[in-house]
Amino acid sequence: MKFHYRCSQCGAEYDITPDRMVCPACAEAQKPDEPLRGVLETVFEGTPGKDLLFDILPVEKEYFPPIPVGGTPLWQPARIRRSEGFPELYIKDDTANPTGSFKDRASYLVAAFARKHEIRDIIVASTGNAASSMAGVGAAAHLNVKIFIPKTAPRAKMVQALQYGAEVNLVDGTYDVAFDKSLEYSRASGGLSRNTAYNPLTIEGKKTAAIEIVLQLGSAPDAVFVPVGDGVILAGIYKGFRDLRRLGIIDKLPTVYAVQAEGSSAIARAFDKGDFGAPVPSSTMADSISVDVPRNGYYALRELKENG
């Protein structure tokens, strides 16, 4: 299998290298307080073997750390099926991942990529889950993880990251401030940024959930409901289904529903209005999807509009 990056905006193609994060041509038009421009997605050429999940990822299986990420259960919630009238409702339970988070899927691929390229330091901004995830997976991979996290993030997530041995830097301000500070640090000191959307592997790693769903069901579902903050899980789910359609494993994409908290709904507003406009401060108890500026907003909006 061969892999390369393709810009989700202009279509330019690039080799997959540790220093390539976003499309440089599109990034020149980047403005403050707007989603990332030039987000890259991974493209493969060739036919996968029997190990479908790993064969269509851009890092060889041998580099993944010895930690059981993925393969999470697909629950059949009998009471909810009865009470809500959805007899074929399933719940993909990624709390069964090692750190209890869907984010482990992205951290797993980023860690494997770092090991392949002999990179020791990972830098990440987070509201909590991505931080504790990268810390846990990084510990299994013998990597040094430096985290930028808002002081207002849940204390339990900070403790989890510290228990895994990560260096935690508390930031005055929102997740968006932590994101910018982490990029400043990684650009000045080196290391691999794991920031969501900015690192293309965060989208690529999360596509594995869609592939597992199809393998577990034996076919594509009719609809998938996805919690949305930055829009990276949404992009990953779409990417997984698109890859399976390209391989002829499924015939059509499911209808994907992007679900946002009312108090943190930048992508929902942009979907209705046609653009993102000025950031609106987020206010929601759903801290993991609380963002003012969704970094993967343009990509997510394109996927929603193109796929209905």
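Which residues lie nearest the centre of the largest cavity? The notes below start there.

1. **Basis.** This is a predicted model, in which local features need pLDDT of at least 70, side-chain atom pairs count only at pLDDT 80 or more, and totals for chains, interfaces and linings use all residues. Residues are numbered from 1 along each chain as its sequence is written, and side-chain values use heavy atoms, with hydrogens and water left out.

2. **Cavity.** Phe 276, Gly 277, Pro 279, Asp 292 and Pro 294 lie nearest the centre of the largest cavity, among 13 lining residues. A cavity is a set of points, on a 1 Å grid over the protein atoms alone, where a 1.4 Å probe fits but cannot get out; lining residues have an atom within 4 Å of a point. The structure holds one cavity of 30 Å³ or more. The largest cavity has about 60 Å³ of space. Volume here is the space filled by probe spheres set on the points, which are joined across faces, edges and corners.

3. **Cysteines.** There are zero disulfides, pairs of cysteine sulfur atoms within 2.5 Å. Cys 7 is buried at 3% relative accessibility, whereas Cys 10 is partly exposed at 45%. Buried means under 20% relative accessible area, exposed over 50%, and partly exposed in between (1.4 Å probe, protein chains only).

4. **Aromatic pairs.** The whole structure has six aromatic pairs. Rings of Phe, Tyr and Trp (its six-membered ring) pair if their centres lie within 6.5 Å; planes under 30 degrees apart are stacked, over 60 edge-to-face, the rest tilted. Phe 148 and Tyr 185 make a tilted pair, with centres 5.8 Å apart and planes at 50°. Phe 148 is in strand S7 (residues 144–150) and Tyr 185 in helix H7 (residues 175–189), so the pair ties together parts 37 residues apart in sequence. Helices (H or I, at least four residues) and strands (E, at least two) are DSSP runs, numbered from the N terminus.

5. **Within H7.** Tyr 175 and Phe 179 pair edge-to-face, at 6.0 Å centre to centre and 75° between the planes. They are four residues apart in helix H7, about one helical turn.

6. **Cluster.** Phe 54, Phe 64 and Tyr 108 form one aromatic cluster.

Key. 1 Å grid on protein atoms, 1.4 Å probe; cavity = no way out; pocket = protein on both sides within 12 Å on 5 of 7 lines; lining within 4 Å.
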